Amino acid sequence: LNFGKGNHALVRDGEIRLCVSEGLGTFWLTPRLYELRTLLPELVVSMDSMSDQTRIQPGAHDVSVGFVRPTDPDAIVARLGYVHMMPFASEAYLRSRGNPKSLDDVFGHECVQQDAGGMSYDVLRLFLGSEAMTRLVRFKVSSSYSLFWAVASGLGIGAMPTYIRTISRKVIPVDLPVQLKFEIWVSYNRAARDSQPVRRTISWLRSCFDPHLY
């Protein structure tokens, strides 16, 4: 790891660099970046949002957040919390196609899949099974943002984090008897453990996932 020349032990001088799972970065952390900017007024705040979990690891970034626990021996790793997942659909879709109450009721519906090998893909597969996915998936998108708008516009049922309801009322939870949760991990290089910008960033992240607030 090549740190910058300053005294903050950062990957790049004058910048705090975050790598975050694409959905969390887009919907949950981006609206809160102003808080981090207030904590680190002297630094540029840079955040990469990625669906590929294998790229979310310390090295090119100062702090990383994802759903796969890093195995890098140079990383300090801690659990930030959990994301709960369930299926959603738009009110217009449920009104026209019906509101499924069991997994058997899902057959005859259409599903939207985030085709990025990420968490939303895995959740839909766990809900439906691989064989049923082949029959029910009629739309595939590559990002969480596209998944949200595909579901919100009435294209079909899609698996999304429950926090999506705090962002928009355009989608409604589908009350199927399966809900899943995934661990959220934060990691950073142990060589930066005394870096004040890194410590402030970790503190900010913990506040963003405070279970008493959210």
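Reader: Leaving aside neighbours within four places in sequence, which residues is Asp-62 in contact with?

Author: The model is a predicted one. Contact here requires heavy atoms within 4.5 Å. Beyond its sequence neighbours within four places, Asp-62 touches Ala-9, Leu-10, Val-11, Glu-15, Ile-16, Arg-17, Ser-187, Tyr-188, Asn-189 and Val-198. The C-alpha atoms of Asp-62 and Arg-17 lie 5.2 Å apart, although 45 residues separate the two in sequence.

Reader: Where is Asp-62 placed, and what does its side chain reach at 2.7 Å?

Author: Asp-62 belongs to the loop between β2 and β3 (63-66). Its side chain reaches the backbone nitrogen of Val-11 at 2.7 Å.

Reader: Does Asp-62 count as buried or exposed?

Author: The cut-off for burial is under 20% relative accessible area. Asp-62 counts as buried because its relative accessibility is 5%.

Reader: Which residues of β3 are buried, and on which sides?

Author: Both faces of β3 are covered. Val-63 and Val-65 are buried on one side, and Ser-64 and Gly-66 are buried on the other.

Reader: How many bridges join β3 to strand β1, and in what sense does β3 pair with strand β9?

Author: Strand β1 (residues 15-21) runs parallel to β3 and is joined to it by three bridges. Leu-18 stands opposite Val-63 of β3. With strand β9 (residues 180-189), β3 pairs in the antiparallel sense, again over three bridges. There, Ser-64 stands opposite Ser-187 of β9.

Reader: How should I read a helix, and which residues are buried in α6?

Author: The general idea is that an α-helix has 3.6 residues a turn, so residues three or four places apart point the same way. In α6, the buried residues are Ser-144, Leu-147, Phe-148, Ala-150, Val-151 and Ala-152. After α6 comes Gly-154, whose phi is positive, near 95°.

Reader: Which side chain is joined to that of Ser-144 by a polar contact?

Author: Ser-144 lies in helix α6 (residues 144-152). A polar contact of 2.7 Å joins its side chain to that of Glu-22. Apart from neighbours within four places in sequence, Ser-144 is in contact with Glu-22, Gly-23, Phe-27 and Gln-114. Ser-144 counts as buried because its relative accessible area is 11%.

Reader: How is a pair of aromatic rings described, and how many such pairs does a search of the whole structure find?

Author: A pair of aromatic rings is described by the distance of the centres and the angle of the planes. A search of the whole structure finds four aromatic pairs. In one of them, the rings of Phe-27 and Phe-148 have centres 5.9 Å apart and planes at 65°, so the pair is edge-to-face. This pair links distant parts of the chain, since Phe-27 is in helix α1 (residues 22-29) and Phe-148 is in helix α6, 121 residues apart. Both Phe-27 and Phe-148 are buried.

Reader: What is the arrangement of the rings of Phe-148 and Trp-149?

Author: These rings are also edge-to-face, because their centres are 5.0 Å apart and their planes stand at 75°. Phe-148 is buried, at 5% relative accessibility, whereas Trp-149 is partly exposed, at 39%.

Reader: Over which rings do the charged ends of Arg-32 and Lys-181 sit?

Author: The charged end of Arg-32 sits over the ring of Trp-28, 3.8 Å from the ring centre. That of Lys-181 sits over the ring of Tyr-82, 4.4 Å from the ring centre.

Reader: Finally, where is confidence lowest and where is it highest?

Author: The protein averages a pLDDT of 87, and 89% of the residues score at least 70. Confidence is lowest in helix α4 (residues 119-128), with a mean of 68, and highest in helix α8 (residues 196-208), at 97. Over residues 1-7 the pLDDT is below 50, and this stretch has 16 contacts in the model beyond near neighbours in sequence.

Note on methods:
Residues are numbered from 1 along each chain as its sequence is written. This is a predicted model: local features need pLDDT of at least 70, side-chain atom pairs count only at pLDDT 80 or more; totals for chains, interfaces and linings use all residues. Side-chain values use heavy atoms; hydrogens and water are left out. Helices (H or I, at least four residues) and strands (E, at least two) are DSSP runs, numbered from the N terminus. Buried means under 20% relative accessible area, exposed over 50%, partly exposed in between (1.4 Å probe, protein chains only). A polar contact is a pair of N or O atoms within 3.5 Å; within protein, one must be able to donate a hydrogen and the other to accept it, and residues adjacent in sequence count only if both atoms are side-chain atoms. Rings of Phe, Tyr and Trp (its six-membered ring) pair if their centres lie within 6.5 Å; planes under 30 degrees apart count as stacked, over 60 as edge-to-face and the rest as tilted. A charge sits over a ring if NZ of Lys or CZ of Arg is within 6 Å of the ring centre and within 35 degrees of the ring normal. pLDDT is the predictor's confidence in each residue, from 0 to 100. Two strands pair if DSSP finds at least two bridges between them.
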